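Good morning, and thank you for making time for this item. I would ask you to bring up the sequence and the coordinates while I speak.

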Amino acid sequence: MNRFNRSDKSEWVPPRSARLLDQVRERVRYLHYSLQTEKVYVYWAKAFVLWAARSGGEFRHPRDMGQPEVEGFLTMLATEKQVAPATHRQALNALLFLYRQVLGMELPWMQQIGRPPERKRIPVVLTVQEVQSVLGLMTGTEALMAALLYGSGLRLREALSLRVKDVDFDRHAIVVRSGKGDKDRVVMLPKALVPRLQSQLAHGRALWGQDRANGRSGVFLPHALERKYPRAGESWAWFWVFPSHKLSIDPQTGVERRHHLFEERLNRQLKKAVAQAGIAKHVSVHTLRHSFATHLLQASTDIRTVQELLGHSDVSTTMIYTHVLKVAAGGTASPLDALGLQQVLPA
């Protein structure tokens, strides 16, 4: 979400919208950022204006505020709200976007605002046996999605946004389109999931057929492809691999159409399975991706290969899993073991 901080950022274009938050949305869409980024930037822009109004007793436009207000807002987040460093950086990036990209103000004090240091955390990883237990307790489409995240190293949003055309059963490969950082990559399609994925596609084709018979709008297409290829969204190739059973309103266009599954469905069932398996770890959907990378390295897979499968720009990001291996391998013996526990501690 900080791509606008780069030196090659696009030239500023004055927004046409009159309201501030609409201007933020307009600029985000102009730069082809994701819907999630749009929601985050709108949220922090609104929070900043409301905080300044409560502090100063009146509403002011961000153009009439500056370094004291921005630093005061960020200080409040760090001291009163005690937000995590990642949240603090997110708010700062949103405000920088507001001033630079929306208002077109390149102010010297922007470079002087302190940024909290990034904290490196060792990710939570499940053992092979724990993954097997969790997947065995899950059912339905959620079980297939969880197995795909672990078997291919996909992020949740990447799995949810898969299209039929991106699944290659002949080569046992999945093409990830517009992943994190708007990058494409190819990952493996586990052979064990082929029958279940084919069954899932058969279910999806039935929903696709219903939509076509009822004259529904086609699925969402990225990057204005809907204008270039007006009927492409109605084709089977562009249909979701994991479609929702219900229709919904597209927040950007207001069109009623079928979207992919809601991400919370997998979150809920995964947490329930983890509890049933008696696993005392803080497990999220992303833990399956961490486990995928760690287990590949444990199987002596080259770290550059793992980097490509995960879609990391720098191998240093992938190196975090080598720290997990150091803990998991237990290759260094404790000095206590050399003493003999039976002789040191009384029973």
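I shall discuss helix packing, then a sheet, and then two further helices.

A word on the source: this is a predicted model, in which local features need pLDDT of at least 70, side-chain atom pairs count only at pLDDT 80 or more, and totals for chains, interfaces and linings use all residues. Residues are numbered from 1 along each chain as its sequence is written, and side-chain values use heavy atoms, with hydrogens and water left out.

Helices (H or I, at least four residues) and strands (E, at least two) are DSSP runs, numbered from the N terminus.

I begin with helix H4. Two packed helices are described by the angle between their axes and the distance between the axes. Here the axes are lines fitted to C-alpha atoms, for helices over the stretch in contact, and angles run from 0 to 180 degrees between N-to-C directions. Helix H2 (residues 35-56) packs on helix H4 (residues 85-102) at an angle of about 85°, and their axes are 9 Å apart. H2 is therefore roughly perpendicular to H4; that class covers 65 to 115 degrees, whereas angles under 35 count as roughly parallel, over 145 as roughly antiparallel and the rest as oblique. Contact means heavy atoms within 4.5 Å. On the H2 side the contact includes Tyr 41, Trp 44 and Phe 48, and on the H4 side it includes Phe 97, Leu 98 and Tyr 99. By class, this contact of H2 with H4 has eleven nonpolar, three polar and no charged residues. In that scheme Ala, Val, Leu, Ile, Met, Phe, Trp, Tyr, Cys and Pro count as nonpolar, Asp, Glu, Lys and Arg as charged, and the others, Gly among them, as polar.

How do the axes of helix H1 (residues 20-30) and H4 cross? They come within 10 Å and cross at roughly 80°, so H1 and H4 are roughly perpendicular to each other. Leu 20, Gln 23, Val 24, Arg 27 and Val 28 in H1 meet Phe 97, Leu 98, Gln 101 and Val 102 in H4. The residues of this contact of H1 with H4 comprise six nonpolar, two polar and one charged.

I turn to the sheet. Three strands form an open, antiparallel sheet in the order E1-E2-E3, where two strands pair if DSSP finds at least two bridges between them. Strands E1 (167-168) and E3 (185-188) are the edges, each pairing on one side only. Two bridges join E1 to E2, and four join E2 (residues 173-176) to E3. Ala 173 of E2 stands opposite Asp 168, and its bridge partner in E3 is Met 188. Val 175 stands opposite Val 186 in E3. Between E1 and E2 lies a hairpin turn of four residues, in which His 172 has a positive phi of about 55°.

Which way do the residues of E2 point? Ala 173 and Val 175 point one way, Ile 174 and Val 176 the other way, and all are buried. Buried means under 20% relative accessible area, exposed over 50%, and partly exposed in between (1.4 Å probe, protein chains only).

The 13 residues of helix H10 (residues 264-276) should span 18 Å at 1.5 Å a residue, and the end C-alpha atoms are 18 Å apart, which agrees; the expected span is 1.5 Å times one less than the number of residues. Its buried residues include Leu 266, Leu 270 and Val 274. The buried residues of H10 pack against helices H5 (128-136), H6 (140-152), H7 (156-160) and H11 (285-298). Just after H10, Gly 278 takes a positive phi of about 70°. Thr 305 lies in helix H12 (residues 303-310) and, at 35% relative accessibility, counts as partly exposed.
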